[in-house]
Structure formats: structure tokens, C-alpha cells
Amino acid sequence: MARYDRAITVFSPDGHLFQVEYALEAVRKGNAAVGVRGTDTVVLGVEKKSTAKLQDSRSVRKIVNLDEHIALACAGLKADARVLINRARIECQSHKLTVEDPVTVEYITRYIAGLQQKYTQSGGVRPFGLSTLIVGFDPYTGVPSLYQTDPSGTFSAWKANATGRNSNSMREFLEKNYKETSGQETLKLAIRALLEVVESGGKNIEVAVMTKEGLRQLDESEIDAVVAEIEAEKAAAEAAKKGPPKET
Amino acid sequence: MWHSTKSHDKQVIFCKSTAFLFVQGMGMKLNTSALESHRLVIGTSDELPNGFSTAPSFEIPNTTDFDCFQKEAIQMVKPAKGTTTLAFIFKEGVMVAADSRASMGGYISSQSVKKIIEINPYMLGTMAGGAADCQFWHRNLGVKCRLHELANKRRISVTGASKLLANILYSYRGMGLSVGTMIAGWDETGPGLYYVDSEGGRLKGMRFSVGSGSPYAYGVLDNGYRYDMSVDEAAELARRAIYHATFRDGASGGVASVYHVGANGWKKLSGDDVAELHYNYYPVEPTIVEQVMVET
């Protein structure tokens, strides 16, 4: 087995591309990221590891714009992310130049996934070690979308998804609690999913909301406010469970 | 319309085909063909120091004055957009019309050329300039439009299609292509009309006429145009405009074809021989002398 994991362009006898699978491991060690699609908003949330004291936290943006109507969050190797994001940004503008129309979310996801796939089938390169969550609004129909890509180059659309560290527990939570939401409810659902695996508090998560008007990054105080709301709701739910039996 | 004669433009045609092969070889990755210029590289090899290849080059002919040689080839092609085509947007869509004469200098080589090219069921292109250039690049545009549709699950807009064509023509700028075309279609934003030419220009507009007969056609078209015409009125206006252009311009004639592009795609409305149209509009009135002679 060990002989088949050096070069990316070599299959193992049981059909694995080990480099791609190791790339997925790198993703699993990355920061938790979650995306939830609502009827009129899409929300991205990323775990923020506590920044070092001397580090300027504003320079460590984890949720980025690809174009005015498309945003991306990722889990995995951040340096690879930078390269992929730059290529995607160029492609967004190039598309505007050649057909005078903004890209659809599906188009740019297909492009990024295609790029990731190319690096699994070339000599002398390694795959990109990141999975991306891409959100945006279709410029023609105004429909919100959430897509995910991974190092193997596959992509698909999701109602809600998580990637990175502890993504399984986040996904389980989402599967149990997902319902069609809009506006603030979508935001709360995303933050609740993230809080399953991340320490509570505004300074540990970065959240951005994409609406038809564009991307809005929430600042710490706003996140703290929503977190407080969520905690209050949780406490109320707990109290309601214990409450009624006493009133006999 | 012009047809190539065998003498000088063999070199020009050879250059076009190798340039075309280079463009095709790029495949469907990031389409930077609009951003690169495929300039002829005289006398150097295809390899630059870093291993990047330049535009393909070919053996230059042994003339004393290479620059003028190339100009001569282009000049032979240039003035001859002998044709009349027109298109205009109105309330019910786009009306497209053209004549059908092809001429080589003073010789009429054909009276039945199809100058309105069907790119796909909802988009038409008109032909003026080099027949081969127009036909080939419109077919190529049709391929690109279809691939766009398959990849993106939605039809390409008229804006996008005209931009694709304009980018291709721009990348061949100065190499002797002769194309003066109008792209007419109906997409999600309604009717669309663009003029695209081999100089790389691209204009959006409501009324265009292209070719040697266009001044005459413009006269009739601009005079009779109203935005809220019916399909029949617009067709008659287009037909008349082409007829008048063929009447005065020697390089236009044959059959006046009229197409309409509506929400459900294009439809050919009529194809009338302009000689017959002449007698329809100006029927022969027998003089009194002739009438008397007939009666006796």
C-alpha cells in the first residue's frame, strides 16, 4: 500500500488515489465551516481559532468574496485556498468580459471543482488540500444556492452542509434540525450548528450573511447578540421541559 | 460578396488555417483568446525562452516589400462588401432581411446565396464581406452557443453570443478577415441586435444595414420605421428597403429574403425575386398608343 501513495497519478490496486484521500485528511484537520441555505439568505460560518495576542485579527478573513454576489468559505490548507480563490476571482471577471454577464454560482463552483480535479491528474503536483463552501445568488433568477467542492474535484449543491473539523457532528445536527428558514432564522440555525463543536462566544466564530444585496460580515457584537438569543431559547426550552410537571 | 481568386491570397488563407488550429487546440479552459493577440511572428520559431509557444508563424514570401504585400492582400478583400443586409428591432421582435447576389468584381457569380445564417433556432446572423469567413465563423459561433447551453443549462444571451464572435474577430484583426455581420435574436431580456465586424467592432442598436447597398436601404428604412409596427408592416418595410437597394446598387440583387425573430425563435417570412418585386411596386402601364394597337 505504501508504494501507491507517492505520486498522485498512480492508482492503488484497490482503486484508491491515496494523495486525494490524504488531502481529505488535511481538510478534516482544518477549521470547522458551515453553510446553511434559506429562502432569501445564505449563511456561512467558520470557526476562528483564537488569534495570537499580537496578531491583527482583521487580516485573517476566512470568508471571502469571489464577486459581488458570490462568497466562499473553506476548510483545510489556507495557502492553497488563497491560490484557488485568486484563480476563481479572475474567472469571475473573465466570464463577465466574454459574455457580459456575471457568473452563476454553479458555473464558478464547476470551475473551482474542475481546477481541483486538474491537480489530481497532473504530474509533479499535489491536490489542493481544501474543501470549499460556495454561496451566492443566481444573477438571473435570484435563487440562493450553496455548493460544496472537495479535493477530488467533485461538487454538489446542498441545503445545508459542514466541512472541516467535527463536520460529522455538525452535519448530524443539521440533518436533525434543518427546515426551510429565512432571514434571522437561517442565521440562527447556522450558528447553532457551529456552536455544537465550537466554544461559545463571538470571538470564536466568524459569520457572514449573503443576501440579494451582497455579502455582510457580522462583527463580534452582533454574533454575541445572536449567541445570547440562542442560549436564552435553549434555556427556555429546558425550563419548559421541566416546568409543567411541577404544577400539579 | 467576394470569392477568393487563387493568386495572392493563398498565403493569407494558409495563415488563417494555422491560426485557427492554434485557437481550437486551446480547448475549453479559461478562454483567454480575447485577451491575447494572435500576431504573425515573422521568421522566429514557435518557442520563446520559457518554453511558452507564440502564435504560429509560417514561411514569409520572398518579396522585396513584405509590408505592402500584406496590405495588397487585405485591400483586395476590403472594399468589396457587395451586398445589402439589414435588421431592425421593433415591437414584435427583430426583422432581418438580405439580398442574395454574390459578385466577383463585375461578374455576378451567384444570384442565390443564403446571406442570412441560422446560428440556432432563436438567433440569426447576416453575411456581408467574405462568404467563407462569414459562413465559417457563424457555424463556429453556433457550436460555441450550443456548448454554452449544454454546460450552463441555459441559452446564451444575444449579448454573450455577439461578444464571443467579436472577441474571435478581434483576435484575427489585421489578418485579412472580412466580416460585417449582424447578430439578431430573442433572449430572456427580449429582442437583441448587435453589429459585429472584422475590425473587432461591436455595436448594440435598433436599426442596422450593412453592405454596398446599405445607404439606399437606410434611406427607405429610416423613413418608414416606427417602433410599433405589426409583423406584416415591418416585413413589407424590410422587403422594400432591400428592393430599393438592389435597384440602385449593382452588387446587390437576386432574391430579397425576410426573416422574423420572435419570442419562439426565427421564421422565414418571404423570399421574393427583386425583379418581380419591381413590377409589383411599379406595374407596367401601357401607353395609349400601345392600347390602340392591341385593340385593332
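Is A:Glu25 buried, partly exposed or exposed, and what is its relative accessibility? A:Glu25 counts as partly exposed, at 33% relative accessibility. This is a predicted model.

**Interface between chain A and chain B**

- Contact between the chains involves 12 residues of chain A and 16 residues of chain B.
- About 1,200 Å² is buried between chain A and chain B, and carbon and sulfur atoms give 51% of that area.
- Of the area that chain A buries against chain B, 39% is supplied by A:Thr98, A:Val99 and A:Glu100, more than by any other three residues.
- Between the two chains there are 2 salt bridges, and 5 residue pairs are in polar contact across the interface.
- On the side of chain A that touches chain B, helix H2 (78-99) and helix H3 (105-118) of chain A are the elements that give two or more residues.
- H2(A) gives the most to that side, with 5 residues.
- By class, that side of chain A has 6 charged, 4 nonpolar and 2 polar residues.

- A:Glu100 forms a salt bridge with B:Arg202, in which the closest N and O atoms are 2.6 Å apart.
- The loop between H2 and H3 of chain A holds A:Glu100.
- Although A:Glu100 is not a glycine, it has a positive phi of about 55 degrees.
- A:Glu100 is partly exposed, because its relative accessible area of 34% lies between the limits of 20% and 50%.

**Nonpolar cores**

- The largest nonpolar core has 28 residues, and B:Met123, B:Leu141, B:Cys145, B:Ile156, B:Leu165 and B:Ile183 are those with the most contacts inside it.
- Strand E5 (116-120), helix H3 (131-152), helix H4 (158-171) and strand E8 (190-197) of chain B each give two or more residues to this core.
- H4(B) contributes the largest share of the core, 7 residues.
- Apart from its neighbours within four places in sequence, B:Cys145 is in contact with B:Ile119, B:Asn120, B:Met123, B:Ile156 and B:Ala161.
- A second, separate core has 25 residues, including A:Ala32, A:Val34, A:Ala160 and A:Val226.

**Chain B as a whole**

- Chain B has 8 helices and 12 strands.
- Of its 296 residues, 49% count as buried.
- Among the contacts in chain B with a separation of 6 or more, 63% are accounted for by residues 24 or more positions apart.

**Salt bridges in chain A**

- Over all chains, the structure holds 22 salt bridges.
- A:Glu25 and A:Arg28 form a salt bridge with the closest N and O atoms 2.3 Å apart.
- Both residues lie in helix H1 (residues 18-28) of chain A, 3 residues apart, about one turn of the helix.
- A:Arg28 counts as partly exposed, at 46% relative accessibility.
- A:Lys96 and A:Asp67 meet through their side chains in a salt bridge (3.4 Å, N to O).
- This pair links distant parts of the chain, with A:Lys96 in helix H2 and A:Asp67 in strand E3 (residues 63-67) of chain A, 29 residues apart.
- A:Asp67 is buried, with a relative accessible area of 9%, whereas A:Lys96 counts as partly exposed at 27% relative accessibility.
- A:Glu222 forms a salt bridge with A:Arg216, the closest N and O atoms lying 3.0 Å apart.
- One network, joined by salt bridges that share partners, comprises A:Glu185, A:Lys188, A:Glu229 and A:Glu233.

**A:Asn166**

- A:Asn166, which is not a glycine, has a positive phi of about 55 degrees.
- A:Asn166 is found in the loop between strand E8 (160-163) and helix H4 (167-177) of chain A, and counts as partly exposed at 40% relative accessibility.

Conventions. Residues are numbered from 1 along each chain as its sequence is written. Chains are lettered from A and ligands numbered from 1 in the order in which they are written. This is a predicted model: local features need pLDDT of at least 70, side-chain atom pairs count only at pLDDT 80 or more; totals for chains, interfaces and linings use all residues. Side-chain values use heavy atoms; hydrogens and water are left out. A nonpolar core is a set of buried Ala, Val, Leu, Ile, Met, Phe, Trp, Tyr and Cys residues joined through side-chain atoms within 4.5 Å. Buried means under 20% relative accessible area, exposed over 50%, partly exposed in between (1.4 Å probe, protein chains only). Helices (H or I, at least four residues) and strands (E, at least two) are DSSP runs, numbered from the N terminus. Contact means heavy atoms within 4.5 Å. Buried area is the accessible area (1.4 Å probe) that two parts lose on being put together, summed over both. A salt bridge is a side-chain nitrogen of Lys or Arg within 4 Å of a carboxyl oxygen of Asp or Glu. A polar contact is a pair of N or O atoms within 3.5 Å; within protein, one must be able to donate a hydrogen and the other to accept it, and residues adjacent in sequence count only if both atoms are side-chain atoms. Ala, Val, Leu, Ile, Met, Phe, Trp, Tyr, Cys and Pro count as nonpolar, Asp, Glu, Lys and Arg as charged, and the others, Gly among them, as polar.
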